[in-house]
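Good morning, colleagues. Please look at the sequence and the structure that I am about to show.

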Amino acid sequence: MTILGTTSGPELLVELDRAAPDPLHHQLANGLRAAIRSGRLTPHTRLPSTRVLAADLGVSRRLVVDAYSQLVAEGFLLSRHGSGTRVATVDTASAPEHRSAEPTRYDIDFLPGSPDLSSFPRHAWLRALRQGLAGLESDAFGYVAPQGLLMARVAIADYLRRTRGVLADPRHIVVCSGATQAVALLSHALRSTPVAMEDPGFWLHRRILRHNGIDPIPVRVDDEGLDVGALTSSGAEVVLTTPAHQSPTGVVLSAARRTSLVEWARAGHLIIEDDYDAEYRYDRAPVGSLQGIAPERVVYVGSTSKTLAPGLRIGWMVLPPHLVKAVALSKGLADTGSSVMDQVAFAQFLVSGEYDRHLRQMRRRYQVRRNALLRALARDLPRRRCSVLRQASISPSAFPTAFPSRTSSRTPRRSASGSNRSPRATPNPPRHHRDCSSAMQTSPSRRSSGVCRSSLGRWAVAEGFEPPDGFSRLSLSRRVH
């Protein structure tokens, strides 16, 4: 009979065959020796105690002691009093390779689409998780309802009503893994419906729609935002739009266009309102959501990807009643519901006011960097055209035709330390990022004013990046050497 046992240390399969002629302690020693030689047990790995392994395998402790002693004598194991038994460093047949390519690091990263990840409120988030878990019923750790925990939906609804004017009913909220999954889930519910989206618009949303059998109808964007007249004549029944901060141009939908768009929706159509980057604005009063005007005709989508971190994968949809069942079903089939731990922490983070405090802090920090970048652009690239927005971002800009940008980007400049460095043109940035000046991420030691002291002539200028919409853009980044 073969005995299979898994240790309480690393994942390790040990096979003992009672029908084999070899003694069991020889089988155990041979199995561990083979695991060490093959690299399955790496050097310094701690093995389970003899008592634990004996219980796992259903054998006597003396048998395990004899096998360990044999391997210690052969140099495969190290045994020290008080530190247990560990794998020694020996030549292996094929040791696993753990090295990976060192990622490029930057002092200041202008790649759009990500917040300052070094500013993630680790201590406040951990405190919120602990407080949330302290009062959580054990049943909550089971399979969660696809819409999400009720406590999370209530906290999100209260926050959206207070800050964005959303008429949010917790029963109509679906917690999801960011705005990207929200669009995917809505695609399932709207698969046979003509859907329009902004042109230019976020390329990943377009790909998601097409992946789910929807070929989005492009509707142009101008200085006032989405062209509602063109939308009306397009024949679309649904439109995906970013009215608070259009991606990638940064335009805010004008008051007249907002009125026209709501009238279009009330005529029997549906708006998917991606409230992208709405939390960051500086020179204007906040604009409420479209959902607050026509809740029966608008799907409101939001996430923490730009306010906290995209790695959290926390988002939400506020749905009209007739879509809740279909979208919740799609969510359940996709992943059976979002992480309970993340929902608990985020709910407590909202209720405690930590989310509001974090946003106020980040608005101040981003405004300093935004203003520093504008001053640097005006000083070092006076001929460059740049449209400044009244919120977090700076819209895509371009050099005049005759501007010798490639020549200037290759010109060595003297660094702050006095050495000459030749900036390198950065590779094309990944196309899954949106235009967002919160991407001006700095190392903690240079967080507040490092951009101000930097001559923009030292930044490498990478031209020629053409997103799917055909807008050429610039990425300004400096490598850490």
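I shall speak about the sheet, and then about particular points in the loops.

Please bear in mind that this is a predicted model. Let us begin with the sheet. Strands of a sheet are held in pairs by backbone hydrogen bonds, in a parallel or an antiparallel sense. Here we have an open sheet of eight strands with mixed pairing. The strand order is β6-β13-β12-β11-β10-β7-β8-β9. The edges are formed by β6, residues 173-176, and β9, residues 225-226. Each of these has a single partner strand, so one side of each is left without a neighbour in the sheet.

Within this sheet, consider β11, residues 270-274, and β12, residues 298-303. Their pairing is parallel and runs over four bridges. D274 lies opposite V301 of β12.

I now turn to the loops. Which residue does a cis peptide bond join to S247? It is P248, and omega is about 15°. P248 belongs to the loop between β10, residues 238-241, and α9, residues 255-266. The bond from D199 to P200 is also cis, with omega near 5°. P200 sits in the loop between β7, residues 195-199, and α7, residues 203-211.

Finally, the backbone angle phi. R313 is not a glycine, yet its phi is positive, near 55°. R313 lies in the loop between β12 and β13, and is partly exposed, with a relative accessible area of 34%. T336, likewise not a glycine, has a positive phi of about 60°. The loop between α10 and α11 contains T336, which is partly exposed at a relative accessible area of 44%.

Key
Residues are numbered from 1 along each chain as its sequence is written. This is a predicted model: local features need pLDDT of at least 70, side-chain atom pairs count only at pLDDT 80 or more; totals for chains, interfaces and linings use all residues. Side-chain values use heavy atoms; hydrogens and water are left out. Two strands pair if DSSP finds at least two bridges between them. Helices (H or I, at least four residues) and strands (E, at least two) are DSSP runs, numbered from the N terminus. Buried means under 20% relative accessible area, exposed over 50%, partly exposed in between (1.4 Å probe, protein chains only).
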